[in-house]
Amino acid sequence: MNSYQLSLSVLRVRRSTVCLNRFRDNQEIASRCRRLVERSIGGVQSKEPSWRSYRTLSQRLRADMEEALKSAVGRGVKDPVLNRDLGSLGWLNSRCVAISDDGQTVELLLRLPSLLHPELEHLKKLVASEATKAMFQWKQEHGSSLPDKAALSRLNVEVIAVSPVPFMSRLVENPDEVIRELGPGLENVSHVIAVYSCKGGVGKSTVAVNLAYELAQMGGRVGLLDLDLYGPSLPVLVQPKDKTVRRSSKKGSGMVFPIEHEGVRLLSLGFVNSNSGVQGSGTNNGAAIMRGPLVVKVVAQLLKGTDWGELDVLVLDLPPGTGDVQLAVCQDLALSGAVAVTTPSKLATTDTRKGIEMFTSLGVPTLAVVENMSYFVCEGGKKHYPFGSGSINDWKGAKVPTTVQFPISPSANDATETGVPLCLARPERAAEELGSFRKLAAAVSRELLRVHYGDTEADEYVEIPSNHSDEAFAVASIQLSLDKTNSPPHIVLRLFSASGATQQRIHPAGLRSRDPRTGDVIEDSPFRHKIEESNREEVQVHKSGNGSTGKTSPSLTPISAVRKGRYGFAVQWADGATIIYSKICLARAAGGKAIPKSSDIAD
């Protein structure tokens, strides 16, 4: 497949997808469009593209050259972001090389998890250079065996994105469990990131919308969900012609489709029909007056009751503050990261630090801080900083990889008034603003790629003294399960290091006597004395030899353990209590002792 054919197939996919969304109610037209989409995708994104039959080289020579190119590129090219060779990343499969009918062109296909790669063009150049050298060497070695027509004088490198999978499913032993917890609406979404602020009116929603469209501009499959239930901003910032939220075609799912507008899938409570019965729904309805439990239910419905389809990233526009919505999202989803939005004023940055600390404590790293309205450019071209210019250095100690400053911009205000996001309209006079959004999108895509392959620096490590070794186990790698072959079930914890893994059992009383967040022992906990009692009972049962485990208190009998995002696990006990334990708490309950982080540990 050459570049023209690839572009043509992509164009067909886009046109057919638009047609499919527009004519969902007309079954005949929708079915015709769906078949065209499937045929087009079969040549663009399927796992085994149907290359044409090339007869210029013999089957043996074609296989030999393909193996030579695959080996040279797979071992000789390292991804500039991950610093790992392409072979170990799995970006080259068994059918990654094709030769044109005229024997002039060799095409090399890379299969990336997403086109959201900040250095994609640089990567293609590295691949082309290494493949060209390998092809030249191969031609020299097989010159006498090549037919006259097989000049092999050109090399093209194409990149496609494979079907997305949730990033957590790649990092756990039981990926089906992750898929089941996410549900059918999010099962094909690779990453979910949150855009948050701790003050209202700092431009958070504007940043979220433009970040989504800039990521789509890079080639990503992007969705945007407005979770600010009390004041939905998305219907104002983006005004698609067709704002109808339609039911999903999945039978019995009860889900809805997001609105697709200019390459981004959108949903907001403001787009939902005002007759739905949900307070605050619709653009002309009244204010949403809801208590925390109801808010959490509506958030879950918008997240998991929407058929998002295949997405590289779903951007969540959170409401201001650190309340129920933020807590529910962080504990129910494995967020890949978050973007904080603030102004440079001391009042706003002070609260933003608290927000960063909260997200960090819930296992969600802040990938970037956006300082909105940092400066303005006068008619003479000079930058002026009304809030001071030194605040950008203050974020270096907050473990935030990137800080981006945005100007006070008339163009951004005009985009809000017209309902066409800046990164969609792309006016020439907004070159500086667009450059800032490009920097932000590149930073986010870089961190998401690292997260996807588990290439992030863990903040906390523990050692297990009972192992009699000095291995450092990453707290982020913890996996929890219940061994139900015993009665009562045992709590089993697995931790991973750079060189191996360890499995530890946690005494139920030992876990219940600890602070669920920090793991500190609660001195006056009623469960502390039960550890010795339980041990005595086990000894008596063992001596009796009757195989019985005796009676165990319901408060010491775990029923289930469910992952809560990247924060930890919710353990349900037989006495009716459900407690969410952080990963550091679980590690300490298993006997882990915190050790200082150092560069040699990270390596």
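Colleague: As a starting point, helices (H or I, at least four residues) and strands (E, at least two) are DSSP runs, numbered from the N terminus. Between which strands does the loop with Ala574 lie?

Modeller: Ala574 sits in the loop between strand 18 (568–573) and strand 19 (578–582). Please note that this is a predicted model, in which local features need pLDDT of at least 70 and side-chain atom pairs count only at pLDDT 80 or more, while totals for chains, interfaces and linings use all residues. Residues are numbered from 1 along each chain as its sequence is written, and side-chain values use heavy atoms, with hydrogens and water left out.

Colleague: How accessible is Ala574, and what is it in contact with?

Modeller: Its relative accessibility is 39%, so Ala574 counts as partly exposed. The classes are buried (under 20% relative accessible area), exposed (over 50%) and partly exposed in between, with a 1.4 Å probe and protein chains only. Apart from neighbours within four places in sequence, Ala574 is in contact (heavy atoms within 4.5 Å) with Pro554, Thr557 and Ile559. The C-alpha atoms of Ala574 and Leu556 are 7.5 Å apart, and 18 residues separate the two in sequence.

Colleague: Let us change topic. How many strands does the open sheet have, and in what order?

Modeller: The open sheet has three strands in the order 1-2-3, and its pairing is mixed. Two strands pair if DSSP finds at least two bridges between them.

Colleague: In which sense does strand 2 pair with strand 3, parallel or antiparallel?

Modeller: Strand 2 (residues 105–112) pairs with strand 3 in the parallel sense, over eight bridges. Val106 has Leu155 of strand 3 as its bridge partner, and Glu107 is opposite Asn156 in strand 3. Strand 1 and strand 2, by contrast, run antiparallel and are joined by three bridges; there, Ile99 is opposite Val106 in strand 2.

Colleague: Why is strand 2 described as largely enclosed?

Modeller: Eight of the eight residues of strand 2 are buried, so the rest of the structure largely encloses it. Both of its faces are covered, with Thr105, Glu107, Leu109 and Arg111 buried on one side and Val106, Leu108, Leu110 and Leu112 buried on the other.

Colleague: Which strands does helix 3 lie across?

Modeller: Helix 3 (residues 59–76) lies across strand 1 and strand 2, and it runs at about 135° to strand 1. Helix 5 (residues 120–142) also packs on the sheet, where it touches strand 2 and strand 3; its direction makes about 140° with that of strand 3. For such angles, axes are lines fitted to C-alpha atoms, for helices over the stretch in contact, and the angles run from 0 to 180 degrees between N-to-C directions.

Colleague: What about helix 7 and helix 14; at what angle do they pack?

Modeller: Helix 7 (residues 204–217) and helix 14 (residues 431–452) pack at about 70°, and their axes are 9 Å apart. Helix 7 is therefore roughly perpendicular to helix 14. Angles of 65 to 115 degrees count as roughly perpendicular, under 35 as roughly parallel, over 145 as roughly antiparallel and the rest as oblique.

Colleague: Which residues meet there?

Modeller: From helix 7, Val207, Asn210, Leu211, Glu214 and Leu215 meet Phe437, Arg438, Leu440, Ala441 and Val444 of helix 14. The residues of this contact divide into seven nonpolar, one polar and two charged. Here Ala, Val, Leu, Ile, Met, Phe, Trp, Tyr, Cys and Pro count as nonpolar, Asp, Glu, Lys and Arg as charged, and the others, Gly among them, as polar.

Colleague: One more residue, please. Is Asp317 buried or exposed?

Modeller: Asp317 is buried, at a relative accessible area of 5%, and it belongs to strand 8 (residues 311–317). Its side chain and that of Lys204 are joined by a polar contact of 2.7 Å. A polar contact is a pair of N or O atoms within 3.5 Å; within protein, one must be able to donate a hydrogen and the other to accept it, and residues adjacent in sequence count only if both atoms are side-chain atoms.

Colleague: And where is Thr349 found?

Modeller: Thr349 is in helix 11 (residues 346–361) and counts as buried at 12% relative accessibility. A polar atom of its side chain lies 3.1 Å from the backbone oxygen of Lys346.
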